[in-house]
Amino acid sequence: MIRQAAGFAKQAHEGKMRKGTAVPYIVHPMDTGVIVSRMTDDPEVISAALLHDVIEDAGVTKEELEERFGSRVAELVAAESEDKTRTWKERKQATIDRLTDAGRDVKMICLADKLSNLRSTAADYLLKGDEVWKKFRVTDRREHEWYYRGVFAKLSELSGESAYGEYRELMEMLFGQKEK
């Protein structure tokens, strides 16, 4: 199932690049899948991590995922998908709100997704400094900080995972230590 999910994700994201880079988009779902695989060996959760952006960014329907990978994978992917008809702030707030009552599987996928994004942003930050924020639609660093800190606060049940610690470290690198 995991290999099938990786292949499906590769095909769904074919020809797409990471925002503001020449890096093939598939690198992000693969990184997300690897991060999740360090937290669980559940093939459905790992598969959902690999597929987490196919509804949101590649036009795949939840029903297609359900037919191919089953209802649990489809539900997990749908839980990580944003409604692109909403504004950036509305989408990000909805993600933070959803995490309040989300199960561990959804939180693992979210942690992996956001950690992968932070890794990419941190690498670009080392090269470009504050210019990195210009590649995003929302260019205000403070808005990104609000979002990543808001997500992080909802993932505390995963605090024993190395991915959680890495997320915190990258957040502090990009945004500084949060004042207590």
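Modeller: A residue counts as buried when its relative accessible area is under 20%, as exposed when that area is over 50%, and as partly exposed in between. The model is a predicted one.

Glu161 sits in the loop that joins α9 (141-154) to α10 (162-175). Leaving aside residues up to four places away in sequence, Glu161 touches Arg38, Met39 and Arg104.

The axes of α9 and α10 come within 11 Å and cross at roughly 160°. An angle over 145 degrees counts as roughly antiparallel, and α9 and α10 are therefore roughly antiparallel to each other. The crossing of α9 with α10 is left-handed. On the α9 side, the contact is made by Arg141, His144, Glu145, Tyr148, Arg149, Val151 and Phe152. On the α10 side, Tyr164, Tyr167, Arg168, Met171, Leu174 and Phe175 take part. Sorted by class, the residues of this contact are eight nonpolar, one polar and four charged.

In soluble globular proteins, nonpolar side chains tend to be buried together. Val151 also has neighbours from elsewhere in the sequence: with residues up to four places away not counted, Val151 touches Thr95, Ile96, Leu99, Cys110, Lys114 and Tyr167.

After α10 comes a further segment, and Gln177 lies in it. Gln177 has a relative accessibility of 61%, so Gln177 counts as exposed. Gln177 touches Arg149 and Glu172, again not counting residues up to four places away in sequence. Gln177 and Thr61 are 116 residues apart along the chain, and their C-alpha atoms are separated by 40 Å.

Helix α1 (residues 2-12) packs with α3 at an angle of about 10°, and their axes are 9 Å apart. Since the angle is about 10°, α1 is roughly parallel to α3. From α1, Ile2, Ala5, Ala6, Phe8 and Ala9 make the contact; from α3, Pro43, Ile46, Ser47, Leu50 and Leu51 do. This contact of α1 with α3 has nine nonpolar residues, one polar and no charged.

Helix α3 (residues 43-51) also packs with helix α6 (residues 71-80), at an angle of about 45° and with the axes 9 Å apart. That angle makes α3 oblique to α6. Their crossing is right-handed. Glu44, Val45, Ala48 and Leu51 of α3 meet Arg72, Val73, Leu76 and Val77 of α6. Six of the residues in the contact of α3 with α6 are nonpolar, none is polar and two are charged. Leu51 is listed in the contact of α3 with α1 and in the contact of α3 with α6.

Ser71 lies in helix α6. Ser71 has a relative accessible area of 42%, so Ser71 is partly exposed. Ser71 and Glu44 are 27 residues apart in sequence, and their C-alpha atoms are 9.8 Å apart in space.

Methods. Residues numbered from 1 in each chain as written. Predicted model: local features only at pLDDT ≥ 70, side-chain atom pairs only at ≥ 80, totals over all residues. Heavy atoms only, no water. Axes fitted to C-alpha atoms, helices over the stretch in contact; angles between N-to-C directions. Helix = DSSP H or I, 4+ residues; strand = E, 2+ residues; numbered from the N terminus. Parallel < 35°, antiparallel > 145°, perpendicular 65-115°, else oblique. Left-handed = near helix turned anticlockwise from the far one by under 90°. Contact = heavy atoms within 4.5 Å. Nonpolar A, V, L, I, M, F, W, Y, C, P; charged D, E, K, R; others polar. Buried < 20%, exposed > 50% of the residue type's maximum accessible area, 1.4 Å probe, protein only.
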